[in-house]
Structures are given as structure tokens and as C-alpha cells.
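Hi,

Here is the structure to take over. My notes on what turned up follow below it.

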Amino acid sequence: MNGTTQHAAGGTGGLRVVVVGATGNAGTSVVEALAGCPDVASVLGLARRIPDWRPAGTTWAAADIDPGGTDLVPLLTGADAVVHLAWKFQPTHDPVTTWRTNVLGGIRVFDAAAAAGVPALVHASSVGAYSPGPKASAVDESWPTHGWPQAAYCREKAYLERFLDAYEYRNPATRVVRMRPGFLFKRESASQQRRLFAGRLLPAQLVRPSLVPAVPDLPGLTFQALHTDDAAAAYRQAVVLPVRGAFNLAADPPLDAAGLAAILEARPLRLPLPPVRAALSAAWRLRLVPASPDLFDAVLRLPLMDCSRARDELGWSPRRTAVEAVREFLDGLRGQAGMDTAPLAA
């Protein structure tokens with residue numbers, strides 16, 4: 001798909017920012033955070049399908065980052081910063097398709113930013129890029145980013161980390177920032193995330209306190225979450241401040257079976273891992289659930305992250321707890337919430 005547009009007119013002295021993948025869970029929050037920032041003059045949102053959603057100070061262009069897709073250089077020329085968020089989670093049964101978009105498409109964005117002379121590149125990496133690590137203590141940004149090789153999501157995030165290592169060496173004048181958030185939730189992402197990860201086996205109306213009797217308590221089931229708007233505030237800071245490198249992003253407390261059970265007014269139920277994993281694998285192979293068992297394996301191995309660097313260098317701290325983010329998401333799930341963009345449509 002090809003598309004052209006002009007950058008939105010902005011005030012003199014403000015930053016011109018291009019957001020690639022501007023209509024998804026993270027993208028909509030990042031666009032809103034940048035559009036409301038006094039240091040930003042204009043935002044250009046790139047997406048495969050232009051939405052009806054029209055935040056102030058933002059213009060849109062249709063763009064396909066896949067190999068052979070839109071020429072991205074003209075769209076990035078003149079930008080002070082590019083924020084790359086575009087990501088394809090499905091189809092998990094066809095990893096070649098996700099590789100083309102996530103890895104090869106991501107590289108096209110990075111190369112186009114270099115060709116356009118963009119001075120700052122902010123990339124959405126993930127906790128999923130990290131190698132397996134501890135659950136009893138937190139790791140900083142120096143923890144290895146080799147991912148969990150069986151899971152396509154982790155493999156692709158880790159590959160882009162290696163590509164950016166070389167990219168920074170070739171483009172020393174470019175300020176490269178890698179954001180590594182935990183799991184992102186907001187009310188408006190509920191319908192999309194249900195489609196991506198749970199599928200039709202999760203009736204939205206049943207995810208409410210008193211109707212979920214138990215939460216499986218599995219070895220390694222401890223993870224970090226964050227409200228998407230809080231993550232977007234960190235992205236905004238990474239755009240406007242002269243920072244480089246990686247930043248962990250997560251809210252307290254880390255969530256485990258007991259924490260999830262408390263949210264759902266259920267009880268944690270200790271279960272052996274092999275039969276649970278086998279049941280998920282069978283459901284995935286029968287295409288009853290879209291999330292792969294390999295991603296489930298990765299979640300059980302992800303380290304907990306220390307977010308001190310984001311607090312110290314970005315002046316960032318989340319406004320909502322992880323529990324509040326998940327509660328809001330579950331409320332959106334029950335209400336089949338969404339937004340007026342193609343990825344977030346209810």
C-alpha cells in the first residue's frame with residue numbers, strides 16, 4: 001500500500017515526530033502523549049489503514065513497511081525523531097509472515113531513518129527480548145537480550161536488538177533509544193488483545209469477579225505489567241530528552257497467580273506445568289487459541305526488570321499500578337472496548 005501526505009503544520013522550534021505503527025495499543029497512546037507535548041510541533045502517524053480517529057496536531061499517511069512496500073524515506077525526511085512501534089503478532093502458525101513484517105519491515109524503517117537523516121530513533125523493544133532470568137530479583141538493561149529462541153516474538157525482538165547494535169556503530173550520530181516495556185494494558189486494547197491472544201475460548205462476559213473460580217498457579221508465572229498510557233509517557237520523554245540506550249518500563253507490583261486471583265476474586269490453584277502446557281499446545285494446533293505455547297514458555301522464563309534508569313534519566317514513573325492497569329483492561333474486556341482504529345476496533 002502506498003501513501004503520501006504532508007507533515008502537520010506546527011509551531012516553530014517544536015519537534016516533528018513520525019510514529020510508525022500509530023494505530024495499535026501502544027501507538028494510539030504514544031500519538032496522544034506526543035500530540036499533547038508542548039515540545040512537539042507535529043506528529044505524522046503511519047499505518048497500513050488510515051483511521052477515522054483524529055487527535056489534534058496529528059496527520060496520517062498510509063504505509064506498508066513490509067519488503068516491497070511503501071518508500072519510507074520521503075515520509076521520514078524532515079523528522080526530528082522516528083518512533084517505531086509497528087508489530088505483527090499473528091499469524092503464529094506462519095512465522096515467516098511475522099518475520100517479514102517485524103524483522104525485515106523493522107530494518108526497512110531503521111534504514112529509511114538513516115537515509116532520511118533523522119537524528120533520533122526510538123524503537124519498541126520488549127521484556128521479551130531478554131534472555132531467561134530471575135524472578136526473585138530484578139535485572140537492569142545490561143541483562144543479555146537473546147530472547148527465548150522457540151518463541152517467534154522473542155526471537156524477532158532479540159534479532160532487532162542485534163541489528164541495532166550494528167546500526168549504532170554505522171550511524172554514530174543517530175541517537176538510538178530502545179524501550180523495553182513489560183506487558184501493556186489499557187481499556188481500549190481489550191478487544192484487540194482478546195483476538196490476538198485468547199481467541200474464542202475466552203468469553204469476555206465471563207472474565208469478571210466471582211465467575212472465575214481459580215487461577216492456575218504455575219512455576220514461573222510472575223510477570224510485570226504497565227498501563228499503555230504510562231509507557232507512552234516514557235516514549236515522549238525519550239523523544240524530547242537527549243538520552244540513548246535501553247530503558248526498562250514496568251509498574252509495581254509484579255503479578256503472580258496470587259495477585260491475579262485477588263483481582264478476579266478467585267483462588268490460586270497449584271497445578272503441574274506439563275499438562276497445562278500440553279492442553280495449550282493442543283488448543284493452538286487445533287487453532288482454538290491464537291497464542292502459541294512457545295510464547296507461554298517464554299513468559300514463564302522472562303526476568304523481572306529493574307526500572308531505575310527510566311526513573312533517573314527520563315524522570316519517569318508510572319501513574320498507575322500494575323493491578324490498576326489489569327483491572328482497567330478486564331473492565332474493557334467485559335465491555336468489549338476498543339477505539340476507532342483498525343487494530344483496536346471493538
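Asp-294 is found in helix 9. Helices (H or I, at least four residues) and strands (E, at least two) are DSSP runs, numbered from the N terminus.

Before the rest, a word on the basis. This is a predicted model, where local features need pLDDT of at least 70, side-chain atom pairs count only at pLDDT 80 or more, and totals for chains, interfaces and linings use all residues. Residues are numbered from 1 along each chain as its sequence is written, and side-chain values use heavy atoms, with hydrogens and water left out.

The side chain of Asp-294 makes a polar contact with the side chain of Arg-277, at 3.3 Å. (A polar contact is a pair of N or O atoms within 3.5 Å; within protein, one must be able to donate a hydrogen and the other to accept it, and residues adjacent in sequence count only if both atoms are side-chain atoms.) Leaving aside neighbours within four places in sequence, Asp-294 is in contact (heavy atoms within 4.5 Å) with Trp-148, Gln-150, Ala-151 and Arg-277.

The axes of helix 8 (residues 273-285) and helix 9 (residues 293-301) come within 9 Å and cross at roughly 145 degrees. Axes are lines fitted to C-alpha atoms, for helices over the stretch in contact; angles run from 0 to 180 degrees between N-to-C directions.

Seven strands form an open sheet, in the order 3-2-1-4-5-7-11, with parallel pairing. Two strands pair if DSSP finds at least two bridges between them. The edge strands are strand 3 (58-62) and strand 11 (245-249). Strand 1 (residues 15-20) and strand 2 (residues 40-47) pair in the parallel sense over six bridges. There, Arg-16 stands opposite Ser-42 in strand 2.

Two helices to look at here. Helix 4 (residues 152-170) packs on the sheet and touches strand 5 (120-124) and strand 7 (175-181). Helix 6 (residues 228-240) also packs on the sheet, and its direction makes about 170 degrees with that of strand 7.

**Gln-224**

Gln-224 lies in strand 10 (residues 222-227). Is Gln-224 buried or exposed? Gln-224 is buried, because its relative accessible area is 7% (buried means under 20%, exposed over 50%, partly exposed in between; 1.4 Å probe, protein chains only). A polar atom of the Gln-224 side chain lies 2.6 Å from the backbone nitrogen of Met-305.

Best wishes
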